[in-house]
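Me: Hi there! I'm new to this structure, so please walk me through it step by step.

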Amino acid sequence: EISACLVGSEMCIRDRVGTEHGELLQALDLPAHSLALPAQAHVVKFYPASEIYSLCFSQKHGLIFVGLGQGAEAICPETYDSIFLIPTVTSVWSLSMQAGSDVIMLGTQLDGVMVFLLTRPDLFEYSITGLEYRPGIGTCSAIRYASDGSWYAASNRSLLFHVSTLGVLSSRSIAGPVLEADDPSGIPRLDIYDVCIVWVGGPRL
């Protein structure tokens with residue numbers, strides 16, 4: 001799971017690496033003037049009790065959100081110190097924020113999508129307000145905003161969900177389920193791991 005963001009004059013790509021006792025958050029520093037130079041990786045944070053499922057950078061608030069086993073942790077991109085935690089009952093598989101937005105979306109395991117409003121009453125305090133909960137999506141592996149403010153969510157049920165700007169939820173099966181070799185349940189399915197929205201004008205399909 002890789003998240004890219006601009007920090008000063010360098011590009012930082014943050015990745016996660018699993019270990020026997022937890023997971024490491026790494027930073028790969030790529031010089032902006034020569035991306036052909038070898039990237040220097042260094043560990044910046046260790047999560048001893050959780051996997052890292054997703055990453056999201058808020059340019060407006062200057063925070064990195066890390067999807068963990070029981071919530072999304074906001075950390076400082078300079079010091080990697082924890083700022084606050086949005087707690088959840090299950091793992092946060094996906095995270096999404098529109099550029100310049102105060103709304104963060106958490107795609108969870110089994111629990112669907114949770115939408116929160118992030119505000120900052122003063123310099124030293126953040127406030128998190130729950131806006132919406134969409135349990136019908138199930139395990140949400142990816143969330144993406146469209147340019148019109150609607151959003152899409154992918155589930156591990158071979159379904160792509162769409163929530164319109166009016167809040168109307170619809171779904172479409174985009175692949176026939178198959179029996180995956182590593183699935184002990186024996187139930188045919190096809191997981192969707194990510195979604196990318198590309199629109200170049202004309203009617204939307």
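Me: What should I know about the numbers and the model?

Reply: This is a predicted model, where local features need pLDDT of at least 70 and side-chain atom pairs count only at pLDDT 80 or more, while totals for chains, interfaces and linings use all residues. Residues are numbered from 1 along each chain as its sequence is written, and side-chain values use heavy atoms, with hydrogens and water left out.

Me: OK, back to that pair. Is Thr139 buried or exposed?

Reply: Thr139 is buried, with a relative accessible area of 4%. Buried means under 20% relative accessible area, exposed means over 50%, and partly exposed is in between (1.4 Å probe, protein chains only). Thr139 is found in the loop between β12 (125–134) and β13. Strands like these (E, at least two residues) and helices (H or I, at least four residues) are DSSP runs, numbered from the N terminus.

Me: Which residues is Thr139 in contact with, leaving aside neighbours within four places in sequence?

Reply: They are Trp93, Thr108, Gln109, Leu110, Ala154, Ser155 and Asn156. Contact means heavy atoms within 4.5 Å.

Me: And Leu110, buried or exposed?

Reply: Leu110 is exposed, with a relative accessible area of 61%. You'll find Leu110 in the loop between β10 (103–108) and β11 (112–122). Its phi is positive, about 75 degrees, although Leu110 is not a glycine.

Me: Changing topic: how many helices and strands does the chain have?

Reply: Zero helices and 16 strands. The chain has 205 residues, of which 42% are buried.

Me: Which strands make up the open sheet?

Reply: Four strands form an open sheet, in the order β13-β14-β15-β16, and the pairing is antiparallel. Two strands pair if DSSP finds at least two bridges between them. The edges are β13 (140–145) and β16 (169–173), each with a single partner strand, so one side of each has no neighbour in the sheet.

Me: How is β15 joined to β16?

Reply: Strand β15 (residues 159–163) is joined to β16 by five bridges, and the two run antiparallel. Leu160 stands opposite Arg172 in β16. In the loop between β15 and β16 you'll find Val168, which is exposed, with a relative accessible area of 51%.

Me: Now β6. How many of its residues are buried?

Reply: Six of the six residues in strand β6 (residues 63–68) are buried, so the strand is mostly covered. Leu63, Phe65 and Gly67 point one way from β6, while Ile64, Val66 and Leu68 point the other way.

Me: What does β6 pair with?

Reply: Strand β5 (residues 54–58) is joined to β6 by five bridges, running antiparallel, and the bridge partner of Ser54 in β6 is Gly67. The hairpin of β5 and β6 has four residues between the strands, and Gly62 there takes a positive phi near 65 degrees. Five bridges also join β6 to β7, again antiparallel, through a hairpin of two residues. Val66 has Glu73 in β7 as its bridge partner.

Me: And β9?

Reply: Five of the six residues of strand β9 (residues 92–97) are buried, so the rest of the structure largely encloses it. β9 pairs with β10 in the antiparallel sense over five bridges, with Ser94 opposite Gly107 in β10.
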